[in-house]
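Colleague: Please take a close look at a single part of this model. Walk me through the side chains there and what they pack against.

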Amino acid sequence: MATATALLARKIATSENVDLKTSLALRGVAVALLCFFVAAALALFGTYRDVRQANERLADIIDRQLQIQFYRIDAGLDALARFPNLEPVVDGVLGAGQCIRFLKPDGSLGRSSCVGVHRGDMEPPAWFVSLGGRLLATPADATRPVSHRGKTYGTLLVTTETEAVLASLWKDVSGMLGLTALLIAAICALQYVAIGRALRPTRDILAGLDRLSRGDLSARLPSFRLIELQRISEVFNALAENLDRTTRERTALAGKLVDQQERERSHLARELHDELAQTLSAISAAAASIRTTAETECPALVSEAAQLSGLSMAMMKSLRATLQDLRPPEINDFGLAASLLSLAKSQERLAGGKLRIQLKVDDDLQDVPSTAASHIYRIVQEGLTNIGKHANASRASVALDFRPEAPDQAMPGRRWLALTIEDDGCGRSDHGTAVEGEGESNGKGAGSEGGLGLIGMRERAAALGGQLNVVQLDHGFRLQAMIPIGARTETIQ
């Protein structure tokens, strides 16, 4: 039993993943067993005291009997050769394990009388003997010097075997072991049930923490009766409310910033188209007219007119590419899927046939609101542009599909649009640093451009109420975005 208690204490001390209810119950068992051993130790000390007192009383009785024998020898009623005569005393007086010894002045044994210990069915177990031997290490012997008329005849020694003491105590204690074990089991069972009822609210706390860790900022804890748990509930609810408000404000601000950026892009595109494009068209027409006139009147200007015409055409081509970046195709007219297909083909042409882009889109993309579709297009455009410029990739893929809920089930019941952009490029940053999670990227892949492109894509995802992560692969990068499609997305203007 002592070994079991030690193992239980070691298990409690070394356990790393034990729930609170089980831990408290185990501690209760350990305390109950400790109380049992303390009670057994007190009983041993009490028995030791009783044994010592019994030895002292017996030593006094025998000492008086020996003095009477001295008086009988002096009166000639007894012979000195029969001294010490212990027979009249020891009969019916010695208990189990007790022993009387008369030691001569030189220390040799003169007479002795002992009663053995009956080793029957009630022999104590080894652990009890070991515990008792340590607690009863001090002998309970009683000694008396034997002298008469100033002459020392020897020493009287009364002892009791430790085994006899332990056997007697075990006989009394063993009858209570069953009752003690039953009582400990009952106390532990009741304690386990009581602790379970008291800690039942912690399941609500853990569930709330799980929801909050998955991004469900609407998670709230109920009120609790215990003061400590109620304080936890108040702090948790205040933290969740502040985090929810901050997130909503951040999302609204990101939406306004991104929308303002789109308006500025549109305004700049209109200005370039209305002013610079027309001016370039006029220059091109003037160059063509000069070339026609020069062919007949001044042939030396023909080459210069042709060069001017070529420069104006090159500038027109560059302007058209710039306008296409600033103002994407009308998604409302062609749809998001068709616009993305056109974007993929355009990026393949810019790569000179060195990059193949695979596009996989869901058939229900027409359900995506126009604002969300514009932001999604920009995210894909930025990702493919970075792949074409920096990834040194031969293949890239873009996938858009609807899912009934987010993988972490942060907001169950909502419809989510999953966007994945992946390439097989170099997959390393300029400094050999991996891009993960929310960190900025200098990587040569979908999330490169010194982190600025990645920041812009994250801002657009946040404006739609979603999130965007970049994961480094063995060869390339994977950009993953989860965007909710619902009321929150449509209210960002």
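Modeller: Val38 sits in helix H2, residues 20-74 (helices are DSSP runs of H or I, at least four residues; strands are runs of E, at least two; both are numbered from the N terminus). The model is predicted, so local features need pLDDT of at least 70 and side-chain atom pairs pLDDT 80 or more, while totals for chains, interfaces and linings use all residues. Numbering starts from 1 along each chain as its sequence is written, and side-chain values use heavy atoms, without hydrogens or water.

Val38 is partly exposed, at 43% relative accessibility (buried is under 20%, exposed over 50%, partly exposed in between; 1.4 Å probe, protein chains only). Together with Leu34 and Leu42, Val38 forms a nonpolar surface patch of about 300 Å² accessible area (patch residues have over 30% relative accessible area and no salt bridge; nonpolar side chains are joined within 5 Å, like charges within 9 Å).

Phe70 is buried, at 2% relative accessibility. Phe70 and Phe83 make a tilted aromatic pair, 4.4 Å centre to centre with 35 degrees between planes (centres within 6.5 Å; under 30 degrees is stacked, over 60 edge-to-face, the rest tilted). Phe70 lies in H2 and Phe83 in the loop between H2 and helix H3 (87-90), so the pair ties together parts 13 residues apart in sequence.

Phe83 is buried too, at 11%. Its ring centre is 5.7 Å from that of Phe102, with planes at 85 degrees, so this pair is edge-to-face. Phe102 belongs to strand S1 (residues 98-103), so this link spans 19 residues in sequence. Phe70, Phe83, Phe102 and Tyr153 form one aromatic cluster.

Definitions and conventions. Accessible areas come from the Shrake-Rupley method with a 1.4 Å probe; for residues, only the protein chains shown count as cover. A salt bridge is a side-chain nitrogen of Lys or Arg within 4 Å of a carboxyl oxygen of Asp or Glu. Rings of Phe, Tyr and Trp (its six-membered ring) pair if their centres lie within 6.5 Å; planes under 30 degrees apart count as stacked, over 60 as edge-to-face and the rest as tilted.
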